[in-house]
Amino acid sequence: MITIKGWLVVNGFLNSNKFNEIYDWLKTAFEKKGHTIEVYTNIELAFLYEINHKPDFVIFWDKDIPLAKRLEKMGLKLFNSSKAIESCDNKALTYIELENKVPMPETIIAPMTYRNIGYNAADFVYDTVQSLGLPLVIKECYGSFGQQVYLAESEYEALNIVRNTREPLIFQEFIAESRGKDIRINMVGGKAVTAMMRYNESDFRANITNGGSMVPYTPDGNETALAEKVCKILELDFGGVDILFSERGPLVCEVNSNAHFKNIYDCTGVNVADCIGEYIEKCMVG
């Protein structure tokens, strides 16, 4: 049997049971196959300038993109690549990569401002409301678990949200048919391995962290094909594709390069960590 040695890179500042459980599952997925995997934090690797014994692969379960780029420059093979992580981590970049290639809600990227200045003009907010209508979804480009996502019912609310959030931002049309519900499809190696529908009757966001519920879901052909196309465009080895319901068919909402899989395991019984392990083993060993 051919054995391989890998690194699992995680964020040293996210030290909680919620995250540590995910790391343990990923580590176990390889160790039970006879492979070796060592866990390093981005804090430890910040002091890395040379590698004496290179691992065969790196699972980069973090969003420290500069570190990911450094490791790639040192000749390491990352799952996912720094480019794929970067494209998913910034919602504006996700939209740009997918624009005109897959169906998405109509989106406007807020103009750049400077952190010490903020957004102090209402002109572009007014123009955005006129273009996308109300209600209006406003998202900070960096955020997870449905946090940093807001719904403005009026121009006044939109302006107030913009003035009290952190740039950069994107604005999206509100898809009424998908209020409080969406589909999460976990993808590995370009294929759907499990999926669930999330729903929340008291919030426009369906995320479980915000009080949503979940049920197993079998994506139809259009939904599966859409998720596959997204992963191909973004060059994702694994991730979660969130899809909205709409009258014009499924729409891509967001893409997460390191989607947490505890909830979807509780919902469907599918261990995504095992799927990732099998995929990487196949890539490295054949």
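Which residues does Ala-192 touch, not counting residues up to four places away in sequence? They are Ile-185, Asn-186, Met-187 and Thr-224, where contact means heavy atoms within 4.5 Å. Ala-192 lies in strand β10; helices (H or I, at least four residues) and strands (E, at least two) are DSSP runs, numbered from the N terminus. With a relative accessible area of 35%, Ala-192 is partly exposed, because buried means under 20% relative accessible area, exposed over 50%, and partly exposed in between (1.4 Å probe, protein chains only). The C-alpha atoms of Ala-192 and Trp-7 are separated by 25 Å, and these two residues are 185 residues apart along the chain.

The model is predicted: local features need pLDDT of at least 70, side-chain atom pairs count only at pLDDT 80 or more, and totals for chains, interfaces and linings use all residues. Residues are numbered from 1 along each chain as its sequence is written, and side-chain values use heavy atoms, with hydrogens and water left out.

The interior may be considered next. In soluble globular proteins, nonpolar side chains tend to be buried together. A nonpolar core is here a set of buried Ala, Val, Leu, Ile, Met, Phe, Trp, Tyr and Cys residues joined through side-chain atoms within 4.5 Å. The largest such core has 26 residues, and those with the most contacts inside it are Leu-8, Leu-26, Phe-57, Ile-59, Trp-61, Phe-261 and Ile-276. Two or more residues of this core come from each of β1 (5–10), α1 (17–31), β3 (57–60), α9 (262–268) and α10 (272–285). Helix α1 gives the largest share, seven residues. Leaving out residues up to four places away in sequence, Phe-261 touches Ile-22, Trp-25, Leu-26, Trp-61, Asn-186, Val-272 and Ala-273. Apart from this core lies another, of 22 residues, among them Cys-88, Val-102, Ile-233 and Leu-234.

How many disulfides does the structure hold? It holds zero, a disulfide being a pair of cysteine sulfur atoms within 2.5 Å. For Cys-88, the nearest cysteine sulfur is that of Cys-231, 8.0 Å away. Cys-88 counts as buried, at 8% relative accessibility. Cys-275 is likewise in no disulfide, and its nearest cysteine sulfur, that of Cys-231, is 13 Å away. Cys-275 is buried, with a relative accessible area of 18%.

Two packed helices are described by the angle between their axes and the distance between the axes. The axes of helix α4 (residues 82–89) and helix α5 (residues 91–98) come within 5 Å and cross at roughly 105°. Axes are lines fitted to C-alpha atoms, for helices over the stretch in contact, and angles run from 0 to 180 degrees between N-to-C directions. The residues divide into two nonpolar, two polar and five charged, where Ala, Val, Leu, Ile, Met, Phe, Trp, Tyr, Cys and Pro count as nonpolar, Asp, Glu, Lys and Arg as charged, and the others, Gly among them, as polar. Not counting residues up to four places away in sequence, Asp-89 touches Lys-63, Ile-65, Cys-141 and Tyr-142.

Phe-204 is placed in the loop between β10 (191–199) and β11 (213–216). Phe-204 is buried, at a relative accessible area of 18%. Its contacts, leaving aside neighbours within four places in sequence, are Val-149, Tyr-150, Leu-151, Phe-174, Ser-178, Arg-179 and Gly-180.

The backbone also deserves attention. Most residues other than glycine have a negative phi, and most peptide bonds are trans. A cis peptide bond joins Phe-79 and Asn-80, with omega about -5°. Another cis peptide bond joins Leu-134 and Pro-135, with omega about -5°. Asn-100 has a positive phi, near 65°, and counts as exposed at 76% relative accessibility. Glu-235, in the loop between α8 (221–234) and β12 (238–244), has a positive phi of about 60°. Glu-235 is partly exposed, with a relative accessible area of 48%.
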